[in-house]
Amino acid sequence: MPVLETTDLTIRFGGLTAVLDLNIYLEAGELVGLIGPNGAGKTTVFNMLTGVYKPSAGTINFCGETLCSAQHAMLPSLISMKGIARTFQNIRLFKELSVLDNVKIAFHQHVKYSLATSFFHTGRYAAEEKEIEKKAIELLQLFDLDNKQNEQAKNLPYGEQRRLEIARALATNPKLLLLDEPAASMNPQETQNLMELIRFIREKFDLTILLIEHDMSLVMGVCERIYVLDYGKVIAQGTPAEIRANPKVIEAYLGGENIA
Amino acid sequence: MKFRSLIKMGVVFAVGFVLHLLIKVGFINGYYDHILTKICMFIIAAVSLNLINGICGQFSIGHAGFMAVGAYTAAIFTKNPDLFIPAAIAGMPRFFIALAIGGSVAAFVGFLVGLPTLRLRGDYLAITTLGFGEIIRVLLLNWKFVGGASGYFGIKPYANFLSVYILAVITVVVLSNFIASSYGRACIAIREDEVAAETMGINTTKYKIIAFVLAAFFAGIAGGIYAHLMQAIMPRDFSFLVSIDILLMVVLGGLGSTSGSIVAAIFLTIVTESLRRFQSLRVIIYSLVLIFIMIFRPQGLLGNQEFSTPMLKEKIRLLFNRTKSGKGHTSTEGTE
């Protein structure tokens, strides 16, 4: 059974159909790429998968559960609890907060002490807060950010902000991780490191990953399967080698003969 | 860590106790006693509003409405000896129970107001709470049982300095604890980025409502204190301008800083009282003070920092460096 499966997923904004009849699936442990020219609807797909947008039609199934269908749509927070985490194309960290707090916030859904406990800091409070802090620091160590845990997130260099976003997403303990242009504006060396990092976290956290990326070296190097989206429709899918040779893909990116 | 907070609590209680003694022996006269109590009441109101506006990042301007609900509810319970609470419970215990009921009713009203509006993002909350405050005021104006426009009189002066001081300390401790907890972090996450908070598994509507209801509860208590301090309450005591006064304390102290709200509540109450002798000029001076503070310190008195010993040490160190080198622009790096 696939971890994620969408059936005829469609969303319209007024007269614009941003995504039409999207059918994709991800098997457990797969690392799949979602590529396409600008404005193809890739981020919109992510927004539907995480509940930020409500699809106009179609269903999303995640680990045998329906996240969203014509009848109902789950809240983003509930989807996160089911095990889908994401990063954002235009980094959405909690900018004014410390690096450590950014990660601690993501642990919130696993907090067991009650609201009443939080008023008086009694019972489990201290032990559990300590545990959260320990876990958060461990996670930051993996991403080589633990020496910056007290800095404000907005003061980190761009590459580190991207890493922090991934760390924060992992703190929610997801099964499926959606990465939205993780290599945007990174230099080749940083992209290379990121590639290794993505492979590493997939093994370590037992993840299934769907990633949007424009950097073809990253996509071709790390993904096992690729979907190509153009004008809201999947125009091709397959292994990196197949995608590279697909004339439709080349046409979508570079334009067809009749246009040129 | 634990030791330090014990010392802190010790100092806080010592200050309260000393002030209480000074009032008892008559060193602080009735007028200043009244002002001190009023300051404590405003601290409760400001710190609770800070939870909505500063911590959760929602813009509420109806705090006086919740205070009115709490004030009238508590007053009804202390004035009518047979109402719900057995008449055997009288005096101070009755006052505290009445406050708790006043707070709870305000919290319930807060829940009813918050439920539909807090689902939305943006300025809806400001408009709704503004309207809510006015609705409460007009309702009270027309409610004969509590005296309508002429006011509700003969409320016993249960709100003495010591009891209100203790209530203020409890409020500050409970709310600071909440803010420091994971639940508080969830609220701060909503302020920082609502979409990101949602995708991190935080049910934004739920936490906004929690913060709102909690703040309404303490506003209700502040209102109850007000009623038993002034001994007479009128609907116009809870007008829109009072909400703005409390909002000013929060903004002036620094949005999101609990200690800032406390400092500003003390400061603004003193300014208001000391300007009384200037009568109509008072409003102008008051406004000028605010304008100047906002020009020279737009982030509020304490910014979004909390007042703490490490922060104080840092400030003193900076000050010391500055005077030693004789130049204002020396950076801190020199000493490290």
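In the predicted model, β10(A) and β11(A) form a hairpin with two residues between them, and A:Tyr231 in the turn has a positive phi of about 50 degrees. Strands are DSSP runs of E of at least two residues, and helices are runs of H or I of at least four, numbered from the N terminus. The pairing of β10(A) with β11(A) (residues 233-238) is antiparallel and extends over five bridges; strands count as paired if DSSP finds at least two bridges between them. Within this pair, A:Tyr227 has A:Gln237 as its bridge partner. Strand β4 (residues 31-35) of chain A runs parallel to β10(A) and is joined to it by four bridges, with A:Ile35 opposite A:Val228.

All six residues of β10(A) (residues 225-230) are buried, that is, under 20% relative accessible area (1.4 Å probe, protein chains only). One face carries A:Arg225, A:Tyr227 and A:Leu229, and the other A:Ile226, A:Val228 and A:Asp230.

Chain B contains 13 helices and zero strands. Its radius of gyration, taken over C-alpha atoms, is 21 Å, close to the 20 Å given by the globule rule for 336 residues, so chain B is as compact as a globular protein of that length; the rule is 2.2 Å times the number of residues to the power 0.38. Buried residues make up 51% of chain B.

Residues are numbered from 1 along each chain as its sequence is written, and chains are lettered from A and ligands numbered from 1 in the order in which they are written. Local features need pLDDT of at least 70, side-chain atom pairs count only at pLDDT 80 or more, and totals for chains, interfaces and linings use all residues, while side-chain values use heavy atoms, with hydrogens and water left out.

Key. Buried < 20%, exposed > 50% of the residue type's maximum accessible area, 1.4 Å probe, protein only.
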